[in-house]
Amino acid sequence: MIARVAWLLARPGTSGAAASLLPVTAFAIVTSLLLTVLGGAQTFWTWTDDFGVTYQALAVVALVLLVVPLASLGGAAARLSARRRDDRLATLRLLGATPATVSALAVLESVVLAVAGALAGVVLYFALVPLIALIPFRGEALGIDGVLLGVPALAGVVAGVALLAAGSAVLGLRQVVISPLGVRTKQEAPKLHWLRIVIGIAVIAIAFLMMSVLQVAGSMLVILAMLGAAFGGTIAVLNLIGPWVIRLVAQSQARRAKTPARLLAARSVLESPKAAWRQVSGVAMTSFMAVFAGTGIALLGSFGEAGDVEAMQLFADIRTGILITVVGSFLMVACSVGVNQAAGILDRGELYRSLDMLGMPTPTMDTARRRAVMSPLRITAIGSAVTAAVVMLPLTGAAIIVAPLSLAVIAGVLASGIGVVWLGLLATKPMLERAAAG
Amino acid sequence: MSSFVIEASGLSKSFGQTHALAGVDLQVRTGEAIAIMGASGSGKTTLLHCLAGITRPDAGTVGFQSGAGRVEVTALGERERSRLRREAYGFVFQQGLLIPELTAVENVALALMLNGMPRARAEEYGRGWLAALGLAGMEDRRIGQLSGGQAQRVAIARAQVTGASVVFADEPTGALDSATSAEVMQALLDSTTGQGRTLVVVTHDADVAGRCSRIVDMRDGRIVGERVPGVTA
Ligand SMILES: Nc1ncnc2c1ncn2[C@@H]1O[C@H](COP(=O)(O)OP(=O)(O)O)[C@@H](O)[C@H]1O
Ligand SMILES: [Mg+2]
């Protein structure tokens, strides 16, 4: 049995290199990003003044922000891994392996992929070190010595990524059934309660109030804490109502659809609004962050005395940190979309093949698949930017006057977010074409 | 006008070392139901795919006689064959292979929408076909809410709704029990030969083949015999 299992799992895949390269690439990018942030931030812990604490707090916030897309990427990679091994896992079930054994093997495999990716990520990080060293904080470049991490930290991150992959694989596999007839997505009717909306509006109102009294808060730390609470609360709300709004829009699109591609796209979003949201939620975070942070910085900047060099530097550094975090989450979103799409294409391989036989042009299939991502993406990016703007409303007037550039930054972030998702879709087009050709 | 709707000659097709088809000649008459039988791996699916313009054979030709004249299928490019398949042919597969997120009527209407028919009219035609196949009242169900036999009827409606002159079916009853299998086969025959259309069906099932007008037997990529059901070879 063991030898047979090993052989089954070691055979090269039939679904092409893209399916195994994608998760490995994704984990490599995740690891090098984590190491970059950790390496850049370790310098902060050598600072012992008042500002040092603020820097440390912000570094933790950035890490936490990156962990969210990281976890969903891990889950996507696990689902892809289960599907990629569809035939083998099904064979194992036929050979009499229990679902638990088969699930354990799928988790193990995604951990192996994660470790391979993490090791590649360490190499990538070393290649990046000279560049990271150039990033200025508090007016000085960090320097090679400042950003180079020790062996314990490197090992810790690799182990952490592996653990995360295992955890999200377990969660990801709860959404698929591995039966003797193959891996498929569980058929769950999407249920979203209206109570979500009530809770959402309440939280946004509280955030709005917090932002309204922000100006009377005395110390920088209190302001940061309130910003953090409003930020976290609103992101939680976006996660709560995002799928609901996506479903609402898709319902009306399905009714009005006139072309096969539009009908297919709307119906596939309706199939699982939550999955549609998960694919693009990373962009919601970044577009939200862009508005929130852009205007927030402008506000903080207006507090700082013209002569207060340290405060001005802090604001400039927060900008740098945000830029790194935004770029980082973009990369993860692109990977996430690529990995999710790859999983979806493999999942529907036989269906795509049959549609090709029926004479459905491959471009129609590709358009449908693209629309099924891009339409929720537009709703999400714009919706979360608007939500952020509402929460920031008590402050925006001032912010826009002080920093008209922040609007340009927001638009730029939105456009790039949509752009990277589009790239993720483009990267998986050859897989679709191969699936359709059989 | 020739009485053959499809004429294939000298078809051969290899996958690596495997000679899936090793010189097949076959003529399909207009309005007949022809069954292709044979052991697993004997080349039935490959033959069906070559006849339907899905796969291009390594050698040999396939001609299709349409109302507008004869088309040399093997000489057409990828796009023209794709168009021929969606306009002139219908397909029924073993697993239905319907689009799971669409409703029954949308699955059927999609075939017409791909040919440019407006959605409302396409769905109207779709409803008509579903009703004719005994699925009235189930138009708005999703595929997952249908039984295997019902899903297969939806697939038959999809294959027929465009007015396809030839329907190709690859083990259409392979996943069904024998009672359901007989019903589905009857529905398939009624909607094809019953309307003067042509049916090419690959099957393992002697009962299914027995309902056709002609049976060809395949072995190792060749046609090794031809029978009329009820008459022992
Ligand atoms: N795409 C393919 N790639 C490689 N071999 C194939 C492919 N399609 C069919 N074959 C091989 O060609 C032979 C005939 O297959 P097929 O036409 O599917 O047989 P049948 O439908 O009668 O079971 C088999 O040996 C099969 O393994
Ligand atoms: Mg076959």
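# A tour of the predicted model

Start by selecting B:F64, B:Y89, B:F91, B:F93 and B:F168, which form one aromatic cluster. Keep in mind that the model is predicted.

**Across to chain A**

A search over all chains of the structure finds six aromatic pairs. For another of them, select A:F44 and A:F137, an edge-to-face pair with centres 5.1 Å apart and planes at 80°. A:F44 sits in the loop between α2 (17-42) and α3 (50-84) of chain A, and A:F137 in strand β1 (residues 136-137) of chain A, so the pair ties together parts that are 93 residues apart in sequence. Are these two residues, A:F44 and A:F137, buried or exposed? Both A:F44 and A:F137 are buried.

**Back to chain B: an arginine in a helix**

Next, select B:R81, found in helix α2 (residues 78-88) of chain B. With a relative accessibility of 4%, B:R81 counts as buried. Now show the side chain of B:R81: one of its polar atoms is 3.3 Å from the backbone oxygen of B:G53. Apart from neighbours within four places in sequence, the residues in contact with B:R81 are B:G53, B:I54, B:T55, B:R56, B:V73 and B:L76.

**The ligand**

Finally, select ligand 1 and the residues around it: B:F15, B:T18, B:A20, B:A39, B:S40, B:G41, B:S42, B:G43, B:K44, B:T45 and B:T46. By class, this shell has three nonpolar, seven polar and one charged residues.

- B:G41: a polar backbone atom is 2.7 Å from an oxygen atom of the ligand.
- B:S42: a backbone N or O atom lies 3.2 Å from an oxygen atom of the ligand.
- B:T45: here a polar side-chain atom lies 2.7 Å from an oxygen atom of the ligand.

Taken alone, ligand 1 exposes 560 Å², and the protein buries 58% of that area. Which elements give two or more residues to the shell around ligand 1? They are β2 (18-29) and α1 (44-51) of chain B. Colour α1(B) to end the tour: this helix gives the most to the shell, with three residues.

Note on methods:
Residues are numbered from 1 along each chain as its sequence is written. Chains are lettered from A and ligands numbered from 1 in the order in which they are written. This is a predicted model: local features need pLDDT of at least 70, side-chain atom pairs count only at pLDDT 80 or more; totals for chains, interfaces and linings use all residues. Side-chain values use heavy atoms; hydrogens and water are left out. A residue is near a molecule or strand if one of its heavy atoms lies within 4 Å of it. A polar contact is a pair of N or O atoms within 3.5 Å; within protein, one must be able to donate a hydrogen and the other to accept it, and residues adjacent in sequence count only if both atoms are side-chain atoms. Accessible areas come from the Shrake-Rupley method with a 1.4 Å probe; for residues, only the protein chains shown count as cover. Helices (H or I, at least four residues) and strands (E, at least two) are DSSP runs, numbered from the N terminus. Ala, Val, Leu, Ile, Met, Phe, Trp, Tyr, Cys and Pro count as nonpolar, Asp, Glu, Lys and Arg as charged, and the others, Gly among them, as polar. Buried means under 20% relative accessible area, exposed over 50%, partly exposed in between (1.4 Å probe, protein chains only). Contact means heavy atoms within 4.5 Å. Rings of Phe, Tyr and Trp (its six-membered ring) pair if their centres lie within 6.5 Å; planes under 30 degrees apart count as stacked, over 60 as edge-to-face and the rest as tilted.
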